[in-house]
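User: Hi, I'm new to this structure. Could you walk me through a few of its contacts?

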Amino acid sequence: MAGAKEIRNQIKSIGSTRKITKAMEMVAASKMRRAKDRMTAARPYAAKMRNVVAHLAHAHPEYKHPYLMEREAKAVGFIIVSSDRGLCGGLNVNVFRRVVSAMSDWRDRGAEVKVSIIGKKASAFFKRHKIEILSEATGLGDAPELEDLIGAVKVMMDGYQDENIDRLFIVSNEFVNTMTQTPGVEQLIPIIPSGEEALTHYWDYIYEPDAKEVIDVLMDRYIESLVYQAVAENSACEQAARMVAMKAATDNAGKLIDDLQLVYNKARQAAITQELSEIVGGAAAV
């Protein structure tokens with residue numbers, strides 16, 4: 001019964017793993033609900049900021065912000081949003097594949113690529129591939145705050161204003177539903193106003209104390225809101241992907257236990273049959 005004993009140990013080990021993955025699935029489901037609430041709460045602010053900037057981009061203000069002016073792309077910056085932890089399926093891999101493809105396209109056009117990182121997984125990936133990282137923000141936890149992101153984002157924003165970067169993109173996962181998270185690349189600077197089809201007319205604003213001061217602050221808040229929205233979406237995506245991955249692991253562990261239990265029963269039956277044969281053979285010999 002040495003083989004049967006090994007199978008019993010395997011069943012016990014897999015059973016312990018199944019308990020862990022089941023617990024992680026339940027924790028991820030709870031965290032996902034809270035992450036979705038934060039994501040949903042951030043959307044109205046980001047949508048209103050988009051609306052204001054869309055009007056501003058079509059107006060003729062006294063002062064035109066550098067973020068609204070396009071120039072030749074000699075250097076391109078990417079803000080890459082990933083999770084701090086793994087065990088969430090292909091969530092991070094899909095983002096990395098998407099951004100590497102975008103980087104390759106820009107390099108083929110002769111542009112230099114610069115990177116800012118949000119999340120430990122992206123940091124480890126790009127350091128392993130020896131890509132220079134201008135700034136990074138890691139260890140954000142399950143409830144990221146805007147204050148934790150501003151430092152990494154400001155480096156890229158300053159780079160654009162100093163003309164060290166001519167395009168700035170953010171790469172992150174978009175939360176579609178619990179089963180679907182889609183990686184995407186969005187241009188942050190120069191600003192491409194969205195939702196133009198919803199605007200039937202455009203207007204300018206009255207600025208107080210002056211146009212430059214107001215628009216400078218507005219543009220910074222606009223970029224920060226988009227980055228925070230992307231991080232909030234990615235957090236919800238992370239928990240949803242982890243919940244799905246842990247459920248799949250739990251189900252697979254259950255199937256493996258059933259298969260091993262069947263093998264164990266067959267091995268045990270074979271051992272009993274052999275023992276009976278030996279007893280009958282011994283009695284016949286006597």
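Predicted model: local features only at pLDDT ≥ 70, side-chain atom pairs only at ≥ 80, totals over all residues.

User: Which residue in β5 is the bridge partner of E174?

Analyst: Let's begin with the strands around it. Strand β4 covers residues 167-177 and strand β5 covers residues 180-189, and they pair in the antiparallel sense over nine bridges. A hairpin of two residues joins β4 to β5. Within this pairing, the β5 partner of E174 is T182.

User: How many residues apart are E70 and R167?

Analyst: These two side chains meet in a salt bridge, at 2.9 Å from N to O. The pair links distant parts of the chain, with E70 in the loop between α1 and β1 and R167 in strand β4; their separation is 97 residues.

User: Which helix holds both R242 and E238?

Analyst: R242 and E238 form a salt bridge, their closest N and O atoms lying 2.9 Å apart. They sit four residues apart, about one turn of the helix, and that helix is α5.

User: What is the relative accessibility of K247?

Analyst: K247 meets D251 in a salt bridge of 3.1 Å, N to O. D251 is partly exposed, with a relative accessible area of 38%. K247 also counts as partly exposed, and its relative accessibility is 41%.

Conventions: Residues numbered from 1 in each chain as written. Heavy atoms only, no water. Pairing = 2+ DSSP bridges. Salt bridge = Lys/Arg side-chain N within 4 Å of Asp/Glu carboxyl O. Buried < 20%, exposed > 50% of the residue type's maximum accessible area, 1.4 Å probe, protein only.
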